[in-house]
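Colleague: I'm new to this one. Could you walk me through the terms as we look at it?
Modeller: Happy to; here it is.

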Amino acid sequence: MARIRFYVLLLALLVSLTACGEKPATNAEDISAAPKEEFTPETAPETIPEAAPAYPSEKPACNLTGQWKQINVEDGDEYYGAVLDDEKIELYWICDNGGTYYLYWAGSYVTPEIIGESYTWTSQVGSRRTDIEAIAASDGVKVFTYDDSSDQISCSVTHKGVESTITLERGEWAPGLQISNVPDALKSGFDPATNQVLTYDGIVFSYPAYFTHRIENSSDTPSLVSFNQPEHPDYHAYLELDSLGFAGSLTEAAFMERTPGVIDSLIEDGGDNIFDAVVKETTVAGRPAFIFHYKGYNLGEGEVLTTVHEAFIYNPQAADITWIQAAHGNGDMSGYDYSGDFLKMLEMAQPIS
C-alpha cells in the first residue's frame, strides 16, 4: 500500500508540473525529438548588466570649507579654530574666549575626489607668516584627518612643549574671517626714503616709519626710548632702546665673556615661557654685539604670544651696553616683516662720525 501511495503522489506531482508549462519529455526519444533553439549574432540576447549596489561603498566628498572649532577643550577661554577654502587651511590658537587669535599653521588643503569613512592629507606649509609667529608650528608639513562618520577634523599640535591631538567640528569662532583676509607674504616696512632716524649711544639708527609714536625718558627708565603704533589697534609691535649700566666700567673683553651668560640666565629664568631661542655673535655699527631671538609668552598681558628680538651692543664710550628690543604680538595683522626689518635696522646702523 505504501508503494501504491508513492506512485499516486508522483503522478499527481507530474500532473501539476505539466499544468504550468509545456509537456515534459518522458523518454530519450522525446528528448532527442524536442526542437533545439539556435542563436545567431542577430538573435542572441543582449548581455544583462550587473545591478548597481544599493549602497555605494564610497560617497562623493563633502565640502570642508568654512570655519571649524575645537571641541575637546580643557579651558573654555583657550582653544583652536581652523579656516578652510578649496586650496588652503589655516589653524589658529584662540584665547580670551575668542577675543584674540594667533596663527599656528597655514598650509595646503587638497580636496579628495571621493572619501569613505575618513580622509587624511599632508598639508605643505605655504605661508611665510608662520615662520615668525611665536606659536607657529615649525615643521614643513602637518597631517590632518577628516572623519566622515563624525564630520570632524583632527590633527596634532604642540603648546608650551606639550603635544596633543585636537578635534574640530564645524562652527564659527571668528565671524567673517576668511583665508583671503589674511596676507600670505610679509612686506618690509624698512625704506631709507621714508624711515625715521634716531641717534642713541653714539649710533645713528634708521627705523621703519610704521613706528609712529615715540615715548622718551620715561620715569621708570630715564634712558628708555620706546616706539609703538597706537592709531592701529590691530598692529601689535614695539621697539625699545635702553642703556644697561654695570657697577664699575665694562671692558670689551668682559662684555664678550659675560653677555652670553646673561642671555643664558634670561632663558633659564623664562622657563617654559621662552622657547626657540637663538643667540648670534655679530657687530653693529662696528661694535661687538650679540643678537638674541626667541618666542615666548608675555605673562603680564594675559599670556600674549610674542616674537622677540634683542640686541646687546657694547658701548665703549660709556663702558656699558646699548640694549635694543623689538617685539610683536601674534595677533598683529599689519602684514609687516618685523623680524626682517629689525635685522635691517641693525645692519644699516652707523657710528656718529
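Colleague: Which residues touch the most other members of the largest nonpolar core?
Modeller: F205, F227, L239, L241, I313 and I324 do, in a core of 28 residues. A nonpolar core is a set of buried Ala, Val, Leu, Ile, Met, Phe, Trp, Tyr and Cys residues joined through side-chain atoms within 4.5 Å. Helix 4 (338–348) gives the largest share, four residues. Helices (H or I, at least four residues) and strands (E, at least two) are DSSP runs, numbered from the N terminus.

Colleague: What should I know about the model itself?
Modeller: It is predicted, so local features need pLDDT of at least 70 and side-chain atom pairs 80 or more, while totals for chains, interfaces and linings use all residues. Residues are numbered from 1 along each chain as its sequence is written, and side-chain values use heavy atoms, without hydrogens or water.

Colleague: Why is the pair of W121 and F144 called stacked?
Modeller: Rings of Phe, Tyr and Trp (its six-membered ring) pair if their centres lie within 6.5 Å; planes under 30 degrees apart count as stacked, over 60 as edge-to-face and the rest as tilted. Here the centres are 5.4 Å apart and the planes at 15°, so the pair is stacked.

Colleague: What makes Y109 and W121 edge-to-face?
Modeller: Their planes are at 70°, with 4.8 Å centre to centre.

Methods
Buried < 20%, exposed > 50% of the residue type's maximum accessible area, 1.4 Å probe, protein only.
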